[in-house]
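Please read them with the structure on screen.

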Amino acid sequence: MRSDTRPWIWAAVVFLITFAGGFLFYTFLTFILAEETSSALIAFRQDFLFVLLLLFVTPAILAGLAAALMVNRYVRPVEKLSDISSLLGKNTSLPEYSPSGITFIDRLGQNLDAAAKRLNDQESEMQEQLRSASRKLSRERDTLATIIEQLQEGLVVTNKEGRILLFNAPAEQMLSLPDKNPPTYLGLGRPLDQVIENAPVQLAIDESRHPDGNGSFRFTVSSPGDQLLQIRAIPASLKDDPDSGNLFFIRNITGSVLKHHKEEEFADDGIRRVRDSVAGIRAAADNLKNYPDAGADMQEQFLGLILNETETIAALVGDYQKEQGKNKPGEGLNQVISLSALLGMMQRISAQSGLNLSFSFPEDEPYVEADACSVSISLLYMTGKIKELMGDDIRIASESADEHHKIKISWTGEEPDQDQLQNWIGGFPEFDGIKLPFSMQTVMQQHRAEWWTQSEDGSCEFNMILPKAEKPASPKTGKGHFDFDLFQFSLSSEIAKTPLKKITATVFDTETTGLYPSDGDRLISVGAVRILNGKLRENQSFHHYINPGRPIPEASTRIHGITDEMVAEKPNAAHCLKDFYRFCEEDIFIAHNAAFDMRFLELEQRGAGVDFSRPVIDTLLLSTILHPNLEGHSIDDLATRYGIKTETRHQALGDAIMTARVFLKMIPLLAGINIHTIEDATRASRESVYAKIRY
Amino acid sequence: MSKKILIVDDEPSIVISLEFLMAQNGYNVFVARNGEQALDLIPELMPDLILLDVMLPNRSGFDVLQLIRKDKKIRHIKVIILTAKGRDQDITKGISLGADAYVTKPFSTRALVEKVKETITQKDEK
């Protein structure tokens, strides 16, 4: 009610002040005027008091009324505006402002209204973006979860300290064994090497990052369930953060190791026995031929031998064929590794343990097929034994021959006797806290290796020879991330200066079997549409499916809906890319997250005999420049942001059309930040953080 | 006096043929069926040459060879290893352990006889 009485209080106050002012003025006059004038004034008051009072009261009343009016018309609307403004940003809808009729106040009110509306709009847009970002995040999380769930292999992700961040069901099945003795529990936050005892987790993390290695590290451990698990460690490193953790892929190889051993034994033994029999036949036949004078008895015996051995061979061959039919070739348990890398690893492990050994490295680049971890640990275990009991001045070196490579441990001292050696070889190698789940004998068998010791004048050697392996066709370098520089092309000045609104380009998108071209993922669909002179030409489109020559993972089918059956009759990538090249000719490319699609084109282009090198505009990069503070830069986010109707998503042509529309909407926005030409766009993209992403 | 050859092999058929072959070539032939038997026989027999099979039951031919080379009294005896394995690793290992020669099974008897003649008359370098 304050607002009702206040104008009248103000009126009364102004009235009293004005009246009192008049009275004081009168009294003042009577004092300062000359006596005559003053007396006249007093006489006038005595005769015309009423008139004098009217002279005082009338302006006082007028002044009071004016004050009340002022408060009502000017102060109260401003106060109301102030109240309204205090609600700004409080996430409530503001009361409508009713015009007061005073122009400047009403303008203030209108401005406030507009500001409030803008704020509200921005807020709801922000809310929408938040919702879409969290939708996207949860979608990505779901996709990741699906991919991880679908893996046949166990997967454990650790941080750089080896603490578990994530694991899937197969990993849990293999590693979480609460009923066993000792029990193991796979749990988030636990160090992985506590879950699997004696596992060289830290070694794997270090070695998989070592520049001499091939970007991964394999080791074998036995789980408390007496299963042999082969674990492959791969750094999950991003380019900018080399220490971002590790992926551990886990495979139960118990069955394959047994099968492998059985097959190797069978083959080795079979060949030996066949050779023995053939030797018998040949010797007997030679004797028959070369010594015709041998007695009839002897000749009879030789013929009998030949017959017997022939039957033995026939039986052996029969067995072998039966066995061959039963067993498919075992999976290779070892990887091809250079001898230098193997010795380097041994050197690092031994240095860490404080064992002082001298290493000499081969000058050429010999390769062996080996499980690097078990060979290193076995040899270091042997070295440890030698150091402990036999001698000093231990040197480790390699020697190469035509068919094999030899690793030689030499020392000055005594040579172990046969029983001692057999004892060591029969033991489970252990070194610096890493224990192998099998004996050194098994390691030797697994590698078809031979070993022996020899000595002369107190200088002793332990030799191990490993069969030679071919140098791998394309040794993996780096960390498996592909170094694709999107901006490697220099623009010809004519194209470079073309304004974006006059652009002619092919906008394309691909669907693939997965995200990792370096791990064998392939193209399964290419879709494209052309922009001619700044206008989208949907009738100039290209959409082909490709038979990738490999099964399409279910997880990826779920994203794009393309199944093995759909592509079974389709041409291969080379065929499709030849056609695509004819479609796009010399156009520059536009794609969303172009690095990814370009990587696939680049991998397949050689087979097609074409070259897709050309300037590429990436709408993802442009989005990061246009909206550096907004979270979502996916094609969905951009479509929502620009009010583009979503059509067939996750279908190469549909996505290409969406990308084209998004790009056309970006052109005026880019002009606003002084990006007018193709050259401007590529230059600005180069500075975008997203340009650092590698596939 | 004719030279003595000890055949160490567990395959009867090859033993019969080798025995005959070596006898025909004028050698005095003895046979051991496994590594233990061979190690017992060698010091008393003191053969001039041993034809040693690698794949023997219990103690391998490599073990026998290593023990021969460690024993001062018998280390000068010539040893030809007969290997059915035929793998490069075995040959390297055999020569490293002190074999004078190796013959891969199956072999031509003529080549074997040549190899025996050549080895048995070699001057002792040890």
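In which helix of chain B does T119(B) lie? Point 2 takes this up.

1. **Ground rules.** This is a predicted model, in which local features need pLDDT of at least 70, side-chain atom pairs count only at pLDDT 80 or more, and totals for chains, interfaces and linings use all residues. Residues are numbered from 1 along each chain as its sequence is written, chains are lettered from A and ligands numbered from 1 in the order in which they are written, and side-chain values use heavy atoms, with hydrogens and water left out.

2. **T119(B).** T119(B) lies in helix 5 of chain B, residues 109–121. Helices (H or I, at least four residues) and strands (E, at least two) are DSSP runs, numbered from the N terminus. At 2% relative accessibility, T119(B) counts as buried. Buried means under 20% relative accessible area, exposed over 50%, and partly exposed in between (1.4 Å probe, protein chains only). A polar atom of the T119(B) side chain lies 2.6 Å from the backbone oxygen of K115(B). Leaving out residues up to four places away in sequence, T119(B) touches L49(B), K78(B), I80(B), D100(B) and A101(B). Contact here means heavy atoms within 4.5 Å.

3. **Chain B overall.** Chain B has five helices and five strands. Along the sequence they follow the pattern β-α-β-α-β-α-β-α-β-α. Of the 126 residues in chain B, 53% are buried. Among contacts in chain B with a separation of 6 or more, 64% join residues 24 or more positions apart.

4. **Helix 3 of chain B.** This helix spans residues 61–70 and is mostly covered, with eight of its ten residues buried. Among them are F62(B), L65(B) and I68(B). Which elements of chain A do the buried residues pack against? They are helix 12 (418–426) and strand 13. Within chain B, the buried residues pack against helix 2 (35–45), strand 3 (49–53), strand 4 (78–83) and helix 4 (88–96). At the start of the helix, a side-chain oxygen of S60(B) reaches to within 3.2 Å of the backbone nitrogen of F62(B).

5. **The interface.** Chain A and chain B each give 31 residues to the contact. The area buried between them is about 3,000 Å², and carbon and sulfur atoms give 55% of it. Buried area is the accessible area (1.4 Å probe) that two parts lose on being put together, summed over both. The rule finds three salt bridges across this interface. A salt bridge is a side-chain nitrogen of Lys or Arg within 4 Å of a carboxyl oxygen of Asp or Glu. The side chains of E450(A) and K93(B) meet in a salt bridge, at 3.1 Å from N to O. On the side of chain A that touches chain B, helix 8 of chain A gives the most, with twelve residues.

6. **The cores.** The largest nonpolar core has 69 residues, of which L175(A), F248(A) and F462(A) touch the most other members. A nonpolar core is a set of buried Ala, Val, Leu, Ile, Met, Phe, Trp, Tyr and Cys residues joined through side-chain atoms within 4.5 Å. Helix 11 of chain A (residues 372–389) gives the largest share, nine residues. Domain 3 (151–253) and domain 5 (335–467) of chain A both contribute, so the core lies between them. Apart from it lies another core, of 31 residues, including Y291(A), L21(B), Y27(B) and L49(B).

7. **Salt bridges.** Over all chains there are 24 salt bridges. R6(A) forms one with E79(A), the closest N and O atoms being 2.9 Å apart. This pair links distant parts of the chain: R6(A) is in helix 1 and E79(A) in helix 3 of chain A, 73 residues apart. R6(A) is buried, at 17% relative accessible area, whereas E79(A) is partly exposed, at 27%. R348(A) pairs with E207(A) in another salt bridge, with the closest N and O atoms 2.7 Å apart. Here 141 residues separate R348(A) in helix 10 from E207(A) in helix 7 of chain A. R348(A) is partly exposed, at 24%, and E207(A) is buried, at 6%. Salt bridges with shared partners join D276(A), D9(B), D53(B) and K105(B) into one network.

Note on methods. Domains from an automatic or database assignment. Polar contact = N/O pair within 3.5 Å; in protein donor to acceptor, adjacent residues only side chain to side chain.
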